[in-house]
Amino acid sequence: MEQEKKLFKEVNEGYTMHEAIEEAKRCLHCKIPQCKKGCPISHDIPDWIHELSMGNFGNAMHIINEKSNLPAVCGRVCPHEKQCEGHCVLGKKGQEIHVGKLERFLADFDGNMGLIREKLQPKTRGRVAVIGSGPAGLTIAGDLSRQGFNVEIFEMESEPGGVLMFGIPEYRLPKDIVRREIKKMEELGVIIHCNTTIGKDYTVDDLFAQGFDAIFMGTGTGRPQKLQIPGGDIKGVRQAIWFLRRVSLYNEGNLERKEVVIEKGDRCFVIGCGNTAMDAARTATRMGAESVNVVYRRTINEMSALRSEYDDAVKEGVGFIWESNIVEIHSNDEGKMTEVVIEDKEGNRRVEKADYVLMALGSAPASRIVSTTKGIDVDDRGYVITREKPYGMTTRQGVFAGGDVVNRPSTVVLAMRDAKMVAEGIAQYVDAVKLLEAINGATE
Ligand code: FAD
């Protein structure tokens, strides 16, 4: 196990202090910063880089904290090449500032040194229940508790973090980093109840009965798509996200090795070509697979995975089969997978030996909450319908939603951006309800 665990050590090195300051000094501190335009949460990037370049790490962190609750996460997993770094004017010469690594350096330095001690607000404005503790739920919790709300998170998993904890693998996002970010929320006064599934242990109506003024659903997209082909139900066909969750639990010592599929020598195929597919493929190689091939129906230019993720996968030995589909899966008399049939765009078929097929075909929201309470409307694919005013409120008064469960699977920072706007909607709603109650109370 120790040997296997070593393979999950973080792959990208962070900056030393010297390197970070040298890199920060290169920033031009543009008057109209393009990097800020490229950032979905409009981080004041040149401002905190300027503080960093002068060695004022605490000031830099204060500026970051105004916009983000998860800088150590964003510094590692945001698609910087498409956002801040992709917009940096120095990029024209191929010398863009490495904003992500600088953010990571600062967040880690702050986390290790405990630079920032936030002043706690008295919690007088109301009680908010947050369902789900992914980037959306954590952002709501952080923003609202800073504004004086009592926030309690209800999470069905054994640990908070959502995809950050059970999806993105350790070698890209160490779990201790996620835990450290979550601890910051707890220090703000946020209470987290794990192993609590809303829709099973409590309903939304139960939460209102417990006295919550508003409820936020940040429940993500936990229902994976099935493979509708002959042999698609063979035992060796597994959901990529299921596999990643199991490996994560195993790496934390919470599962036996035999409970995690893919052993030394297995031949593995991954269907799909987004973030989840790259993570599943690279994780399968770390678990000892003899060969891992990603099968994608489109071209390399159409994959949704980041180019850097693809490059890393290739470096680690993952193969790619473009413009092709797995059209059949075969098994032996004992039901064990033996081979897959791959068809290219010309209709040519070939048979390859196979032990596992991991499906990374995308996912949709589960219906656990909307089916156990009345009045929360969803669209035909199960995504929760919300309104503009107050921002993020569902068709049920007092129930809000945001992140992937509303906007479809996207990215950490987009879930955070949406949640920041929903936090404002919740604050407006609760303040308005309390004001009306006060007026009605005074006139009765
Ligand atoms: P989630 O993170 O899915 O969190 C939802 C939470 O709700 C979960 O903790 C779940 O357990 C909980 N929950 C659900 N139902 C209930 C219930 N009934 N009761 C209680 N709790 C419940 N984005 C990037 O920006 N960069 C990346 O590198 C990247 N890599 C990815 C890799 C993988 C494998 C995957 C799957 C996604 C990746 N993404 C990446 C996308 C990103 O992680 C998501 O867009 C983001 O996590 C969505 O946040 P969320 O809070 O809406 O949902």
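**View 1. Helices H13 and H14 pack against each other in this predicted model.** Helix H13 covers residues 240–251 and helix H14 covers residues 275–286, with axes 9 Å apart and an angle of about 50° between them. Here, helices are DSSP runs of H or I with at least four residues, numbered from the N terminus; axes are lines fitted to C-alpha atoms over the stretch in contact, and angles run from 0 to 180 degrees between N-to-C directions. H13 and H14 are therefore oblique to each other (under 35 degrees counts as roughly parallel, over 145 as roughly antiparallel, 65 to 115 as roughly perpendicular and the rest as oblique). Their crossing is left-handed, a term used if the near helix is turned anticlockwise from the far one by less than a right angle, with right-handed for clockwise. Look for Ala240, Ile241, Phe243, Leu244 and Val247 of H13, which meet Thr276, Asp279, Ala280, Thr283 and Ala284 of H14 (contact means heavy atoms within 4.5 Å). This contact of H13 with H14 has 7 nonpolar, 2 polar and 1 charged residues; Ala, Val, Leu, Ile, Met, Phe, Trp, Tyr, Cys and Pro count as nonpolar, Asp, Glu, Lys and Arg as charged, and the others, Gly among them, as polar.

**View 2. Helix H9 meets helix H17.** H9 (residues 135–146) and H17 (residues 412–443) pack at about 40°, and their axes are 8 Å apart. That angle makes H9 oblique to H17, and the crossing is right-handed. On the H9 side you will find Pro135, Ala136, Thr139, Ile140, Asp143 and Leu144, while the residues of H17 include Val412, Met416, Lys420 and Ile426. The contact of H9 with H17 divides into 12 nonpolar, 1 polar and 2 charged residues.

**View 3. Helices H5 and H8 cross at roughly 110°.** The axes of H5 (residues 57–67) and H8 (residues 99–113) come within 10 Å, and the angle makes H5 roughly perpendicular to H8. Phe57, Ala60, Met61 and Ile64 in H5 meet Glu103, Phe105, Leu106, Ala107, Phe109 and Asp110 in H8.

**View 4. A look at the cysteines turns up 0 disulfides.** A disulfide is counted when two cysteine sulfur atoms lie within 2.5 Å. The closest cysteine sulfur to that of Cys35 belongs to Cys27, at 6.3 Å, too far for a bond. Cys35 is buried at 12% relative accessible area, whereas Cys194, at 23%, is partly exposed (buried is under 20%, exposed over 50%, partly exposed in between, with a 1.4 Å probe and protein chains only).

**Notes.** Residues are numbered from 1 along each chain as its sequence is written, and side-chain values use heavy atoms, leaving out hydrogens and water. In this predicted model, local features need pLDDT of at least 70 and side-chain atom pairs count only at pLDDT 80 or more, while totals for chains, interfaces and linings use all residues.

Notes: Helices (H or I, at least four residues) and strands (E, at least two) are DSSP runs, numbered from the N terminus.
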